[in-house]
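This report describes a two-part picture: the chains one by one, and then the places where they meet. Please look at the structure before reading on.

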Amino acid sequence: MKAQDLGTAAPNTWCPGCGNFAILNAIKPVLAELDGAGLVPKENVVVVTGIGCHGKIADYLQVNSFYAIHGRAIPVATGIKLADPDLTVICFAGDGDAYAEGLDHLIFAAKRNVDVTTIVHDNRVYGLTTGQYTPTSPSGFAGRSTPEGLEVSPINPLEMVFASGGTFIARGYSNRIDLLKETIREAILHRGFSFVDVLQVCATFFNMYDLYNRRTYALEEHDPQDVVQAQAKMVEWDYNSDGPIPLGIFHRRAAPTFGDNFEKFNSKIPDLEGKVRRVLKGYI
Amino acid sequence: MRDEFSVLVGGKAGDGITEAGMIIARLYNQLGYCLYQYLDYPSLIRGGHNFAIVRAAGKKIGAPRDGVDYLLALNQDTIDRHSWRLRESSIVIYDSDEVKAPLAGGVGLPLKTFAKESGAPPIARNVGLIGAFSRAAGIEEEIVEKVLRKEIPKAIDENLEVARRGRAGLEGRSDARVDKRSYPCCPVITGNEIFGLGLLRGGLDAYVAYPMTPSSGVLHFLAKVAAEFSIKVVHPENEIAVILMAEGFAYAGKKAAVGTSGGGFCLMNEGMSLAGMAEIPLVVLVSQRAGPSTGVPTYTAQADLPFVMNAGHGEFPRLVIAPGDAEEAFFWSAAALGLAWRYQIPVVLLSDKTLSESAYSFNVEEAREIPEFGPVLWDGDGDYRRYASAEDGISPLAFPPRTGAVVKANSYAHLPSGITTEEPRAIEAGQDKLLRKKRRLVEELERLKTLNVSGDRRSSTAVVCWGSNKGPCGEVGEELGLRVVQPVVVSPFPADLFREALRGVERTISVETNSTGGMAKLIRSCGFEADRLVLKYDGRPFSVDELEERLLEVGI
């Protein structure tokens, strides 16, 4: 299977120059390669999305998908993974989805270490609702709901997921597609909750290409298992200043995952009626 | 000869009142009685006033009476609050270590001392009370020992000693002998446990819930039996995650149910709408409590009928079922899962605190023959389209991983392939498909018992009731010779059956545990008028006596 076999007939409606193309163009070859290598058969992949420009990726990928609702991709993905641990579940979410509307789910998914990959299309602006600030917009951001400039500072999602117990924490950039591919591939193969914040540029409402091109660099000689190093790298850029922006895998560790034992608890019961009656006997 | 008995046992939260009530119920159960237990407790962990009323009768019952034959008091509060329930023949037994201002004629026993001297934990006071009661009620000691041995998890010898001392305290004070009855010896079990068992019987794979009174009993029960029934029970971060997670299970082919009460269900509304649009099979148990908002968390109400019938934006088919007793709760929980999967719709099981937390004699023989509603599954031919057009609107299901099938669920308006659309014809076609499912569902429901008629079927006065009011209305209907009409499925409303049930009726009275008459409004929207409303919204269920009085007041 080739990457182009993973497309659909749906017309693509992203703006010209949108960073979402890069994520789409990264995930397709990764899925094709993982399928070809027998690591993740294509039919085992389920993509779950929220609502926003990012979500359209569900329509553009010819794989199983659940195009869910705003902020709620992660709980849907968790349910799917618990239902069938053989599935490889990949969440695509926007920064509004993952960090505002559905922040609770992100924290809990990291805390549980559910074996789901979450890729956040972090363009730091609401695109589909035409230009309001998000939790990662820099302070001073003059959006349509904050025309005088945003008064508050952004959150650093990497630190937040780390504090919540995430076992795979990475950052990508839509203009460094080879590194993005490699990062996503590792994220999918990681057993546990994998989180990738992708700096994805909204060409229409918040064009950050210039800053990102100047300031991003790939992590090198970085040991993702070294917690102190990982934390130091996570705080190197606070999503507000124009400081250096590291890309790649910040933190990775092995840990037990949520629902590991479900399959053995899901064998079919031949005589439900009899079993129910036996339970009822205890109440006489 | 008495045909029925009521026993009230009361104390503080933490005194083991529920357990004491259940043991008393099981004693009568051994003697061929039908049981009902009402549980009343405030929203606190320790202290306050908890009480249980156990009612035992030779016929099927589902409601308490006001008066009691035995008042068993672990504290002063119980005596002070419930002395109005006593009649001349009533017997009062109390813990004289606690009660300092007893009623004349009551029997005080130093239960705290009994427990201490027997080496039993202080909570065993309730067992002392049960021992004393059993003697007063004329229940044989062998039966008491048999039940206690089954019910008491630890320190059984010490507990039996406390019971013996309690019993000895009543020696010579009563020559009562309880008569045996011939009601079948049934499990005595709470509505919540029955909902759980019904879901299991229907093939449940996963139960997802966030704790909320009065629905938490289902969560606790299913979590306890999860391993035995090979199901997954998950308690996520909030009710939004609950319903979305359940929809994830369903997408992957696992039968899932969720449970909550009104406030939690508010959070689930976007998930309801999603299930409607994306055609995700789902069962949602909503156990009502007194609102609005936090309201009165541990007390009962039927105020959420219009809410659940309309919850979720947009128009989509749904099924709302309001079982009225344990047998209906069991049958319809199992059927709800089947119907949700057959029609790929959200199904609401609407309960309330009374039905969920009361204990009933459950006769499984009355709730057998659960119909099978197999889901429509993809046959593997050709390209799979999740929302393939079908005459009855039901598209075949496939679950990943499935070679040759790309399964695309979508919350947006979508094409048969599951890909988003904004084209006017396609939008219309998608909506029509949803409506066709509803038409087929209505036909399917005609084969099921979606409405009950009891009491005097020739009476020209009809009492309309729903949910847990089946219990008191059924009994009062018998006593006063009224026709009792109880819709079990409330949406889609069984209007034809309802019309048939009201044939020849001149006066219709709607009995509801709310302040505005949700059922009366519902039947009006179908062209029927309730002439009178008998409403109760103090958080307590109707007792048989109160309902009878209220019906006589409005005139029958």
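Helices (H or I, at least four residues) and strands (E, at least two) are DSSP runs, numbered from the N terminus. B:Ser6 is found in strand S1 of chain B, residues 4–13. The model is predicted: local features need pLDDT of at least 70, side-chain atom pairs count only at pLDDT 80 or more, and totals for chains, interfaces and linings use all residues. Residues are numbered from 1 along each chain as its sequence is written, while chains are lettered from A and ligands numbered from 1 in the order in which they are written.

**The two chains**

| Chain | Box |
|---|---|
| Chain A | roughly 70 × 40 × 40 Å |
| Chain B | roughly 85 × 55 × 40 Å |

Chain A has 10 helices and eight strands. Its radius of gyration is 20 Å, close to the 19 Å that the globule rule gives for 284 residues, so chain A is as compact as a globular protein of that length. The radius of gyration is taken over C-alpha atoms, and the globule rule is 2.2 Å times the number of residues to the power 0.38. Chain B holds 19 helices and 21 strands. For its 556 residues a compact globule would have a radius of gyration near 24 Å, and the 25 Å of chain B agrees with that.

A residue is buried if 20 or more other C-beta atoms lie within 10 Å of its own, exposed if 12 or fewer, and partly exposed in between, with C-beta atoms placed from the backbone. By this count, 50% of the 284 residues of chain A are buried, and in chain B buried residues make up 57% of 556.

Two residues are in contact if their C-beta atoms, placed from the backbone, lie within 7 Å. Among contacts in chain A between residues at least 6 apart in sequence, 70% join residues at least 24 apart. The corresponding value for chain B is 71%.

**Inside chain B**

B:Ser6 counts as buried because 22 C-beta neighbours lie inside 10 Å. Leaving out residues up to four places away in sequence, B:Ser6 touches B:Ile53, B:Arg55, B:Arg65, B:Gly67, B:Val68 and B:Asp69. The C-alpha atoms of B:Ser6 and B:Gln37 are separated by 9.5 Å, and these residues are 31 residues apart along the chain.

Two strands pair if DSSP finds at least two bridges between them. An open sheet of seven strands in chain B has the order S9-S8-S10-S11-S13-S12-S19, with mixed pairing. Its edge strands, each pairing on one side only, are S9 (232–234) and S19 (489–491) of chain B. Neighbouring strands of this sheet are turned by 20° against each other on average, direction ignored. Strand S8 (residues 206–209) of chain B runs parallel to S9(B), and three bridges join them. Opposite B:Lys232 in S9(B) stands B:Ala206.

Axes are lines fitted to C-alpha atoms, for helices over the stretch in contact, and angles run from 0 to 180 degrees between N-to-C directions. Helix H8 (residues 216–225) of chain B lies across S8, S9, S10 (256–260) and S11 (282–288) of chain B, at about 140° to S8(B).

Domain bounds come from an automatic or database domain assignment. For chain B the assignment gives domain 1 (4–169), domain 2 (189–367) and domain 3 (451–554). The C-alpha centres of domain 1 and domain 3 of chain B lie 34 Å apart. Seven residues of domain 1 of chain B are in contact with 11 residues of domain 3 of chain B.

**Where the chains meet**

How many residues of chain A are in contact with chain B? There are 44, and they are in contact with 49 residues of chain B. Strand S2 (64–67) and helices H3 (73–83), H5 (103–112) and H10 (272–281) of chain A each supply at least two residues of this side of chain A. The largest share, eight residues, comes from H3(A). S2(A) pairs in the parallel sense with strand S15 (residues 408–410) of chain B over three bridges. A:Tyr67 has B:Asn410 in S15(B) as its bridge partner.

H3(A) and H5(A) pack at an angle of about 35°, with their axes 8 Å apart. A:Ile74, A:Pro75 and A:Thr78 of H3(A) make the contact with A:His105, A:Leu106 and A:Ala109 of H5(A).
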